[in-house]
Amino acid sequence: MTVNLKYHGIGRFSEPAFSIADKPLELDFEGIKGLSGEFIFVYRINDRPQKKLTLKGYKTTIPLTELTAGQLDGKIIHCVRGVKVSEYDIEPLVLKDIEGKFYAHGMLSDMENTIAGLTETARKQEERITILEKALTEELEIKRRLLEKLNEYVDNGVNVTFEE
């Protein structure tokens, strides 16, 4: 999976969602190629201890055995001669275990999908409320007309009683 890094920005995954089948999570970092120095990938999955990996050829691999459902947070630290030069934050990766296989979604993409789903649900609820309001208005109009007719009968001296 390619991660597009931006200086003073968040590194985003090139695909909003992808499958991690039976192989480790391979990350290829774009945006730092051509820079000299050492690059260290620092990451944490859920509340596990933080891990550090030195990038080789701007790439790294997280073994399948380390992956668990939850959230992977990470950043790239750029060092030159042992001195930290810059840091690149990476969009959190949501890992989902579905029937023993991992699927990954960038946190921002996952949030966009959730928001789109909630927006659709709200739209459907608004439509339903509109239909119910119309039905209620129609029912109230029928009851109002019925009450008017009953009042007419009573005003004309008709005795009205209701039986169950």
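# A chat about the strands and the helix

Guide: Along the sequence, the elements of the protein chain come in the order β-β-β-β-β-β-β-β-β-β-α. Keep in mind that this is a predicted model.

Visitor: How many helices and strands does the protein chain have?

Guide: One helix and ten strands.

Visitor: And the overall dimensions? What does the C-alpha trace span along its principal axes?

Guide: About 105 × 35 × 25 Å.

Visitor: What is the radius of gyration, and what would a compact globule of 164 residues have?

Guide: The protein chain has 31 Å, while a compact globule of 164 residues would have a radius of gyration near 15 Å.

Visitor: What share of the residues counts as buried?

Guide: 26% of the 164 residues. The chain exposes about 11500 Å², and carbon and sulfur atoms supply 54% of that area.

Visitor: What about contacts between residues 24 or more positions apart?

Guide: They make up 54% of the contacts with a separation of 6 or more.

Visitor: Let's change topic to aromatics. How many aromatic pairs are there in the whole structure?

Guide: The search finds three. One of them is Phe29 with Phe41: the ring centres are 5.5 Å apart and the planes stand at 50°, so the pair is tilted.

Visitor: Where do Phe29 and Phe41 lie?

Guide: Phe29 is in strand β4 (residues 25-30) and Phe41 is in strand β5 (residues 38-45), so the pair ties together parts twelve residues apart in sequence.

Visitor: Is Phe29 buried or exposed?

Guide: Phe29 counts as buried, because its relative accessibility is 0%.

Visitor: Which other rings pair up?

Guide: Phe39 and Tyr58 form a tilted aromatic pair, 5.8 Å centre to centre with 55° between the planes. This pair links distant parts of the chain, 19 residues apart: Phe39 is in strand β5, and Tyr58 is in the loop between β6 (51-54) and β7 (59-62).

Visitor: Is Tyr58 buried or partly exposed?

Guide: Tyr58 is partly exposed, with a relative accessible area of 23%.

Visitor: Which residues form an aromatic cluster?

Guide: Phe29, Phe41 and Tyr43 form one.

Visitor: Now charges. How many salt bridges are there?

Guide: The count comes to twelve. One of them joins the side chains of Glu66 and Lys51, at 3.4 Å from N to O. Glu66 is in the loop between β7 and β8 (70-80) and Lys51 is in strand β6, so to speak of the pair is to speak of a link between distant parts of the chain, 15 residues apart.

Visitor: Is Glu66 buried or exposed, and why?

Guide: Glu66 is buried, because its relative accessible area is 18% and buried means under 20%. Lys51 counts as partly exposed, at 38% relative accessibility.

Visitor: Which residue does Lys75 meet in a salt bridge?

Guide: Glu87; the N to O distance is 3.6 Å. Glu87 lies in strand β9 (residues 83-98) and Lys75 in strand β8, twelve residues apart, and the pair links distant parts of the chain.

Visitor: How accessible are those two?

Guide: Glu87 counts as partly exposed at 31% relative accessibility. Lys75 is partly exposed as well, with a relative accessible area of 26%.

Visitor: Over to the helix. Which residue does Arg145 meet in a salt bridge?

Guide: Glu141, with 3.3 Å from N to O. Both residues lie in helix α1, four residues apart, which is about one turn of the helix. Salt bridges that share partners join Glu141, Arg144, Arg145 and Glu148 into one network.

Visitor: Are Arg145 and Glu141 buried or partly exposed?

Guide: Arg145 is partly exposed, with a relative accessible area of 46%. Glu141 is partly exposed too, at 27%.

Visitor: Last topic. Which residues form the nonpolar patch on the surface?

Guide: Ile10, Leu108, Met111 and Ile115, with about 340 Å² of accessible area together.

Visitor: Where does the largest share of the patch come from?

Guide: From helix α1 (residues 107-155), with three residues. Leu108 lies in that helix, α1, and Leu108 counts as partly exposed, at 32% relative accessibility.

Notes:
Residues numbered from 1 in each chain as written. Predicted model: local features only at pLDDT ≥ 70, side-chain atom pairs only at ≥ 80, totals over all residues. Heavy atoms only, no water. Patch = residues over 30% accessible without salt bridge, like charges linked within 9 Å, V, L, I, M, F, W, Y side chains within 5 Å. Areas by Shrake-Rupley, 256 points an atom, 1.4 Å probe, with all protein chains shown as cover. Salt bridge = Lys/Arg side-chain N within 4 Å of Asp/Glu carboxyl O. Helix = DSSP H or I, 4+ residues; strand = E, 2+ residues; numbered from the N terminus. Buried < 20%, exposed > 50% of the residue type's maximum accessible area, 1.4 Å probe, protein only. Rg over C-alpha atoms; globule rule 2.2 N^0.38 Å. Contact = heavy atoms within 4.5 Å. Phe/Tyr/Trp six-rings, centres within 6.5 Å; stacked < 30°, edge-to-face > 60°.
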